[in-house]
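Please read it alongside the sequence.

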Amino acid sequence: FAARCERRQPVCETEAPGLMPVGDEGGVRCHFPGPRPGSAAVEILPVPLPALPVAARPLLEIEALKVHFPIRKGFLQRVCGHVRAVDGVSLELSPGRTLALVGESGCGKTTVAKALMQLLPRSGGEVRWQGTLIEAKDKRQIQALRRKMQMVFQDPFASLNPRMRVGDILLEGMLALGVAASAEAGRPACVALLEQVGMKAEALERYPHEFSGGQRQRIAIARALAVAPQLLLCDEPTSALDVSVQAQILNLLRDLQAELKVAYLFITHNFAVVEYLAQEVAVMYLGRVVEQGPVEQVLTAPAHPYTEALLSAVPRISGGRPILRLQGETPSPAHPPEGCHFHPRCPKALEQCRNAYPPLRPLPGGVQVACHLAC
Ligand code: SF4
């Protein structure tokens, strides 16, 4: 725990503490247990992220991305409306950096990732990879992009084929995308991949059900890394895991990023994860980005009432901001409210919020906000 502890001393980094008795029945493994003299509360400190340079050219640029699903009705299945799952999202991601995409369930975060992987068709917008426009129907371009971009899914139990051995799971993508010429040639790379994610070579001959949730997620990460991608789309990769295992997977992802310089588009609803892993964050509501910018800026001084409400709901040991309760449920993306989509739930809504959707406006500190009140 030394890396995150504000009480740490040099000894904490070299010697594991023994279990010291506390009170009649308790015990604590800490070289310096008890409150530090003069301090009211102890904060758990995030490990500071290394300062990463922003590359001159973005790795990925998404411009006004739309994914609309038709609603069909009647005997003839006529289209009578659309679910606007993603409705004009623009994002930019630099090499080796992490952009977190946050928001409540159903806000369109996963749909953005699936549209990028071409697992869902785009209804509009442009995607550029290192400045080159990716045509939605160009199969060769998409095949090439799949090698550069891989996805790690939320549920490690469902994302690995239970009938395949781990070795075959790792080889599958390598053979399909031409990274390995044959199974034999790809085997040493599979062993190296397993070691990279903290597993032993003997795992190659075993089946996914023989592993714990955390180990399966490690295998899923190894599979994604098998084709040496430059970008990983991580769709809540820790939310199905126990809390202690979540920390291990987050640490692994951070170490891999430092080692491989891979970029992450990290989908989550957990602001602690955003703080720990990301340099930039974009907050989505009903298929649109309502606030985006550097993590430090957005998390310490949220400019959009929705971001403020999400952050106020994060429990903190040392108090925190007053809880801002949102009224009602998230409206359906099939019938988003007129004007600002957030106005029926916004405690600060004005008359103009009911009439016009606010455009994303730049604020000092590199933040962009879609709110009439932001200044
Ligand atoms: Fe609230 Fe109006 Fe800002 Fe929308 S535009 S978030 S309704 S204050």
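Around the ligand there are 13 residues, of which Cys340, Cys346, Cys353, Cys371 and His372 come nearest; a residue is near a molecule or strand if one of its heavy atoms lies within 4 Å of it. The model is predicted: local features need pLDDT of at least 70, side-chain atom pairs count only at pLDDT 80 or more, and totals for chains, interfaces and linings use all residues. Residues are numbered from 1 along each chain as its sequence is written, and side-chain values use heavy atoms, with hydrogens and water left out.

**Ligand site**

- The shell around the ligand has 9 nonpolar, 3 polar and 1 charged residues by class. Ala, Val, Leu, Ile, Met, Phe, Trp, Tyr, Cys and Pro count as nonpolar, Asp, Glu, Lys and Arg as charged, and the others, Gly among them, as polar.
- The largest cavity is the space taken by the ligand. A cavity is a set of points, on a 1 Å grid over the protein atoms alone, where a 1.4 Å probe fits but cannot get out; a molecule sits in it if more than half of its atoms lie within 2 Å of its grid points.

**Four-stranded sheet**

- An open sheet of 4 strands runs in the order β4-β3-β6-β7 with antiparallel pairing. Its edge strands, β4 (78-93) and β7 (132-133), each pair on one side only.
- Strands pair if DSSP finds at least two bridges between them; helices (H or I, at least four residues) and strands (E, at least two) are DSSP runs, numbered from the N terminus.
- β3 and β4 pair in the antiparallel sense over 12 bridges, and Val67 has Val86 in β4 as its bridge partner.
- The β3 and β4 hairpin has 4 residues between its strands, and Gly74 in the turn has a positive phi of about 80 degrees.
- Strand β3 (residues 60-73) is joined to antiparallel β6 (residues 124-129) by 5 bridges.
- Helix α1 (residues 109-116) lies across β3, β4 and β6, at about 105 degrees to β3. Angles run from 0 to 180 degrees between N-to-C directions of axes, which are lines fitted to C-alpha atoms, for helices over the stretch in contact; contact means heavy atoms within 4.5 Å.

**Eight-stranded sheet**

- In the open sheet of 8 strands, the order is β8-β9-β10-β5-β11-β12-β14-β13 and the pairing is mixed. β8 (149-152) and β13 (361-363) are the edge strands.
- β8 and β9 (residues 231-235) run parallel, joined by 4 bridges.
- Helix α5 (residues 213-225) lies across β8 and β9, at about 170 degrees to β8.

Conventions. 1 Å grid on protein atoms, 1.4 Å probe; cavity = no way out; pocket = protein on both sides within 12 Å on 5 of 7 lines; lining within 4 Å.
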